[in-house]
There are 2 protein chains.
Amino acid sequence: MNHEGFNELDLTSLLSLSFSTSINELHDRLSVLGFEDIRPVHGFMFKSIIPNGATGIEIAEYLGITKQAVSKMVDYLEQRDYVMRKAHPTDKRGKIIVLTERGWLVVNAKKKILDEIEQQWIKKIGVERLQMLKEDLSKLVYEINEGELPTKIRPVW
Amino acid sequence: MNHEGFNELDLTSLLSLSFSTSINELHDRLSVLGFEDIRPVHGFMFKSIIPNGATGIEIAEYLGITKQAVSKMVDYLEQRDYVMRKAHPTDKRGKIIVLTERGWLVVNAKKKILDEIEQQWIKKIGVERLQMLKEDLSKLVYEINEGELPTKIRPVW
DNA sequence: ACAATGTAGTCAATCAAGTTGACTATAATT
DNA sequence: AATTATAGTCAACTTGATTGACTACATTGT
């Protein structure tokens, strides 16, 4: 088998490895804090809930999965006290998913860890280069998807 | 629901979106060429097979999945004429997975498309910035994983 | 106003891609 | 030569998604 060096890696592989590296570090550290039942997709879901809650369908669109899958995910997270279903204020069919106190603990922990990971990266490549990297990636994602988030935020493997 | 702008995105989300964007484009284009039965993971598997074949266990380690999962994946790809199992030259227990002609077609198409995606990105941010981006990502992945590929190349979702 | 159509959420069945465990054949170790 | 380890496959199971069917409520058009 061939083990190519990092230099010959194409951009896509590089992005995959970078993403894996950072998301793995994040969730390893969340585990240590007692949030071992939280998966990456839950973190993305929390982003769509913040700050004022979201309906199941909104979350489903954001994550690029079905509303039924969201419903199961909410069951899972509700059982573990990360989120709650509240009645929708105007639509009696609807429900609003909101974070519980414990849900906020995860979100805040996540934010802190991500900041620390970013600091770690700054130590490696410097603050200017990291700033450039973020700008360039934002620009690419933004322009290639024409201002929209990719419909499939989820990396399909 | 909150739809934050790209500027406020943390690095991890940005990497996730960049990866999704490029891998989706790659596989959309592979579909058009008639390779709609090829998933991202197969592309990564091909990388571990090139150029001289690999055993199931080598592939399993590279992809961070079990040898049983690899075996099933090889069944799938062998049925569709992308790979072949060959006898191992020295170990009668072992088999070597190699690309078929059709397998090489995918690999070459993939390479071409990835190059084109990279050119597209160069148009957006310039060749110097893309070079920096690749250098920085390589450096980060390399240093944070201490010279090893992450054991889990696969983005766990 | 109300009939027809559309939408939010859930339940159930199914599917896809992975896992663990058991096994066979062969290789390596002592 | 006997023991232990390894490569690969088969089978059963798990997980996280899907599609389809349904209920309750909302929206639209006459």
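A polar contact is taken here as a pair of N or O atoms within 3.5 Å; within protein, one atom must be able to donate a hydrogen and the other to accept it, and residues adjacent in sequence count only if both atoms are side-chain atoms. The structure is a predicted model, in which local features need pLDDT of at least 70 and side-chain atom pairs count only at pLDDT 80 or more, while totals for chains, interfaces and linings use all residues. Residues are numbered from 1 along each chain as its sequence is written, chains are lettered from A and ligands numbered from 1 in the order in which they are written, and side-chain values use heavy atoms, with hydrogens and water left out.

Helices and strands are DSSP runs (H or I over at least four residues for helices, E over at least two for strands), numbered from the N terminus. The elements giving two or more residues to the surface near DNA strand D are α4 (67-79) of chain A, along with α3 (56-63) and α4 (67-79) of chain B. The largest share, 4 residues, comes from α4(B).

Altogether, 23 residues surround DNA strand D, the closest being A:Thr66, A:Lys72, B:Lys67, B:Ser71 and B:Arg93; a residue is near the strand if one of its heavy atoms lies within 4 Å of it. Of the atoms of DNA strand D that come within 4 Å of the protein, 57% belong to sugar and phosphate. By class, the surrounding residues comprise 4 nonpolar, 8 polar and 11 charged, where Ala, Val, Leu, Ile, Met, Phe, Trp, Tyr, Cys and Pro count as nonpolar, Asp, Glu, Lys and Arg as charged, and the others, Gly among them, as polar.

B:Arg85 also has a partner within its own chain. It forms a salt bridge (a side-chain nitrogen of Lys or Arg within 4 Å of a carboxyl oxygen of Asp or Glu) with B:Asp75, the closest N and O atoms being 3.0 Å apart. This pair links strand β1 (residues 83-87) to helix α4 of chain B, across 10 residues.

The two protein chains meet through 67 residues of chain A and 67 residues of chain B, contact meaning heavy atoms within 4.5 Å. Together they bury about 7100 Å², 69% of it on carbon and sulfur atoms; buried area is the accessible area (1.4 Å probe) that two parts lose on being put together, summed over both. Between these chains there are 8 salt bridges and 9 residue pairs in polar contact, both residues at pLDDT 80 or more. On the side of chain A that touches chain B, 34 residues are nonpolar, 16 polar and 17 charged. One of the salt bridges joins A:Glu143 to B:Lys124, with the closest N and O atoms 3.7 Å apart. It crosses from helix α6 of chain A to helix α5 (residues 101-125) of chain B.

Over all chains, the count reaches 22 salt bridges. Within chain A, A:Glu118 pairs with A:Lys134 at 3.0 Å between the closest N and O atoms. A:Arg29, A:Lys112 and A:Glu116 are linked in a network of salt bridges.
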